[in-house]
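This report describes a single protein chain for a reader who is new to structural analysis. Please keep the sequence and the model in view while reading.

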Amino acid sequence: MLVRYLGHSCFYIKTAKKTSIILDPYADLVPYQFPSIDADVVVMSHEHRDHNAAYRVGGNPDIIKPTSSYAMENELNIARTKEHLTFYGVPTKHDNYNGRRRGPNTVWHFYLEGVHFVHLGDLGHILTDAQIGQIGKADVLFLPIGGNYTIGPAEAGLVVNQLQPNIVLPMHFKTDKIAALGFCSNTLDEFLLRADKVEDMGSMTIDVAQETLPAKTTVMILRYE
């Protein structure tokens, strides 16, 4: 499977059967280069503009909406590729004050070709035991690390320990392009200082397969435009 980083918290996944999924597309207030792109499915963690811009995605995709009060399961049959997918939503909070400051957030997790993907959205707190039980062990973890609106580097490291992923893809961190927006207070480098194994992929994309998952948790750095 192809996984491509589109910047901020947005990723594009294409399966072997050519089903395409976009996670947390951002509006044009986020000054990264969002491509002209079609998808079969758009998944959104919450209703903030830097995560819910499904209108930017072509192809008349199915939209997986966030949940706020109870766990959800969304089953889809992709007519174009004949692929059957299930997306599991676990309600969490966008802050460490039970959502009183920034509202709800949904952790979406799903299985593609035997690989368990977990996108944490704008998670604002360490996971509870109940949430860990609902999510289970991650294979590929899309992890916010930037602080301010999400967990920061220290908390992100604890969440890695909670979910024991094989691959960590950092997201939602401070860069020169978005510093003025105030979304994040911490940079990628501040998180990498806490990581045991880091690989700079030197690319926007990686190939992911069950048989090639690293045995030890590996933080993989992807480029963005």
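Leaving aside neighbours within four places in sequence, which residues is L143 in contact with?

## The Surroundings of L143

The model is predicted. In it, once neighbours within four places in sequence are set aside, L143 is in contact with L120, I151, A156, V159, V160, V168, L169, P170, M171 and F191.

L143 also belongs to the largest nonpolar core, which has 52 residues. Within this core, F87, F117, F142, L143 and L169 touch the most other members.

## Overall Architecture

The secondary structure of the chain consists of three helices and 16 strands. Its radius of gyration is 16 Å, close to the 17 Å given by the globule rule for 225 residues, so the chain is as compact as a globular protein of that length. The C-alpha trace spans about 40 × 35 × 35 Å along its principal axes.

Of the 225 residues, 55% count as buried. Among contacts in the chain with a separation of 6 or more, 54% involve residues 24 or more positions apart.

## Surface and Charge

The chain has an accessible surface of about 9,800 Å², and 46% of this belongs to carbon and sulfur atoms. As for charge, there are 20 positive and 25 negative side chains. The centres of these two sets lie 2 Å apart.

## Residues in the Helices

Helix α1 covers residues 129-135 and contains I132. Apart from residues up to four places away in sequence, I132 touches L127 and Q162. The C-alpha atoms of I132 and V160 are separated by 11 Å, while the two residues are 28 residues apart along the chain.

P153 is placed in helix α2, which comprises residues 153-163. Is P153 buried or exposed? Its relative accessibility is 9%, and buried means under 20%, so P153 counts as buried. Residues up to four places away in sequence not being counted, P153 touches I145, N186, E190, F191 and R194. One of these, R194, is 41 residues from P153 along the chain, with 7.7 Å between the C-alpha atoms of the pair. Another residue in the list, F191, is also a contact of L143.

## A Residue in a Strand

H84 is found in strand β9, residues 83-93. With a relative accessibility of 44%, H84 counts as partly exposed. When residues up to four places away in sequence are not counted, H84 touches E75, L76 and N77. H84 and T19 are 65 residues apart in sequence, and their C-alpha atoms are 9.7 Å apart in space.

## Two Positive Phi Angles

N60 is not a glycine, yet it has a positive phi of about 50°. This residue is placed in the loop between β6 (57-58) and β7 (62-64). N60 is exposed, with a relative accessible area of 73%.

H172, likewise not a glycine, has a positive phi of about 55°. The loop that holds H172 runs between β13 (167-171) and α3 (188-192). Which term describes H172, buried or exposed? The relative accessibility of H172 is 0%, and it therefore counts as buried. Thus both residues lie in loops, but N60 is exposed whereas H172 is buried.

Key. Residues numbered from 1 in each chain as written. Predicted model: local features only at pLDDT ≥ 70, side-chain atom pairs only at ≥ 80, totals over all residues. Heavy atoms only, no water. Helix = DSSP H or I, 4+ residues; strand = E, 2+ residues; numbered from the N terminus. Rg over C-alpha atoms; globule rule 2.2 N^0.38 Å. Buried < 20%, exposed > 50% of the residue type's maximum accessible area, 1.4 Å probe, protein only. Contact = heavy atoms within 4.5 Å. Areas by Shrake-Rupley, 256 points an atom, 1.4 Å probe, with all protein chains shown as cover. Lys, Arg positive; Asp, Glu negative; His and termini not counted. Charge placed at Lys NZ, Arg CZ, Asp CG, Glu CD. Core = buried A, V, L, I, M, F, W, Y, C linked by side-chain atoms within 4.5 Å.
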